[in-house]
Amino acid sequence: MAASVDVLIAGGGPVGSVLAASLAGSGLDVALVDPGEPPAGRLRPIALSHGSRLVLEGVGAFAGLVATPIETIHVSQAGGFGRTVMRREELALPALGYVVDLAALAAHLAARAADLRIAGSVLRWQGGEDEARATIRGADGDELWTAKLLVLADGAGHVGAGTSQRDYGQVAISAEVRTEAAPRGVAWERFTPQGPLALLPFADHYALVWTVAAGAADRLAGCDEPSFLAALGAAFGGRLGRFLAAGPRASYPLALRFRRDPVAAPRVLAVGNAAQTLHPVAGQGLNLGLRDAAELARVIRATPRGALGTREFAARAAATRSADRLATIGATDALVRVFSNANPALALARGIGLAALDLAPPARRFFARRMIFGARALP
Ligand SMILES: Cc1cc2nc3c(=O)[nH]c(=O)nc-3n(C[C@H](O)[C@H](O)[C@H](O)COP(=O)(O)OP(=O)(O)OC[C@H]3O[C@@H](n4cnc5c(N)ncnc54)[C@H](O)[C@@H]3O)c2cc1C
């Protein structure tokens, strides 16, 4: 069997679903293919910026989401001076961001795009001057689909020509943790020589994302709870009192991987993690992916049907994302490399940088707006 659509989206994670939902009512034939139901089970808290809230509101997917506001972000470095604090009041926003459960967000978004969703997996795809082709494996076997535009939103699978990659030699350990002091809308980002440690307020406790050197990860992920809490307390310090309890831990090896050009082939564009997979420092990956989806939807809607997917269309779509992608990829990569070491000269420079940021509200506002809204926040 063969089917033909205007836009075929491979992957129904948050990014693919936002793109599909943004195209509902556009008059275009749109299909989204994903192998399964949104992931259920263990919570995986994630920080969304205020800018992502606006994207989600655009597709009616923020109301009803359980979201813990982040009103203040406290940034510091272990074993060195200097810290800076960003507050929502400075930016006149209701919150700098929100912590939500990723699976709940994916389910919420999938419901917005349910009419366009088909169950299956893209086995292989091919670009072309006149159409893109994808072989989709579903319950009834394989089908060949053609589309004016194929959008890859299938996560972080691709490695190959046109891809840049850096292995950080780090692993993120995530867990929900309780501390003596209850969260009051403050997110903590503490840079340690092994990597950044983030505590995000989530309901009445914290979500931890702790980056450690790969060699230490197995021990920390597998040790008993008291040993884990003691190591965590030593890395974070005493600002929240003692760490009292930790839920189940999960580990994520960390690498930077990105397509230098999001145009993967004629009539094929990549968005979200399929275009770039970032280190979780400063929580930028999904926020950037949601901006990819929202911007691509805008360009698609502004393009006559007959011109969808052409080389001119693809070049225009890629150009609208170029500054934001490169700036966000570069900023997260620089943060990891400058902050994840014990070099005394760099510790001094970092301390001066953090202290200067704290003393200069315009610079702090500029930095915060960049993190919240992406490159569009640049003057
Ligand atoms: C520890 C950690 C913490 C993080 N914290 C943050 C944070 O605080 N803030 C933030 O913004 N980002 C954060 N991120 C990044 C964020 O998780 C990702 O950027 C985001 O989930 C990517 O969404 P996506 O929709 O692009 O891809 P995915 O969520 O990977 O979705 C891909 C979808 O494609 C489907 N798929 C796969 N293969 C196929 C196929 N062949 N055919 C069809 N469908 C397919 C999958 O089933 C899935 O539904 C973090 C990452 C890590 C590792």
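This is a predicted model: local features need pLDDT of at least 70, side-chain atom pairs count only at pLDDT 80 or more; totals for chains, interfaces and linings use all residues.
User: Thanks! Which residues around the ligand come nearest?
Analyst: Gly11, Gly13, Gly155, Gly272 and Gly285 do, out of the 30 residues around the ligand.

User: And which element gives the most to that shell?
Analyst: Helix α7 does, with 4 residues. Elements that each supply at least two residues include α1 (14–23), β2 (30–34) and β12 (163–179).

User: Let's stay with α1 and α7. How do they pack?
Analyst: Their axes are 9 Å apart, at an angle of about 25°. Angles under 35 degrees count as roughly parallel, so that is what α1 and α7 are to each other. The crossing of α1 past α7 is right-handed.

User: Which residues meet there?
Analyst: From α1, Pro14, Val15, Val18, Leu19, Ser22 and Leu23; on the α7 side, their partners include Leu286, Leu290, Asp292 and Ile300. The residues of this contact divide into 12 nonpolar, 2 polar and 1 charged.

User: Switching topic: where is confidence lowest and where is it highest?
Analyst: Helix α9 (residues 344–359) is lowest, at a mean pLDDT of 78, and strand β16 (residues 243–246) is highest, at 98. The chain averages 91, and 96% of the residues score at least 70.

Methods:
Residues are numbered from 1 along each chain as its sequence is written. pLDDT is the predictor's confidence in each residue, from 0 to 100. A residue is near a molecule or strand if its C-beta atom, placed from the backbone, lies within 6 Å of it. Axes are lines fitted to C-alpha atoms, for helices over the stretch in contact, and angles run from 0 to 180 degrees between N-to-C directions. Angles under 35 degrees count as roughly parallel, over 145 as roughly antiparallel, 65 to 115 as roughly perpendicular and the rest as oblique. A crossing is left-handed if the near helix is turned anticlockwise from the far one by less than a right angle, and right-handed if clockwise. Two residues are in contact if their C-beta atoms, placed from the backbone, lie within 7 Å. Ala, Val, Leu, Ile, Met, Phe, Trp, Tyr, Cys and Pro count as nonpolar, Asp, Glu, Lys and Arg as charged, and the others, Gly among them, as polar.
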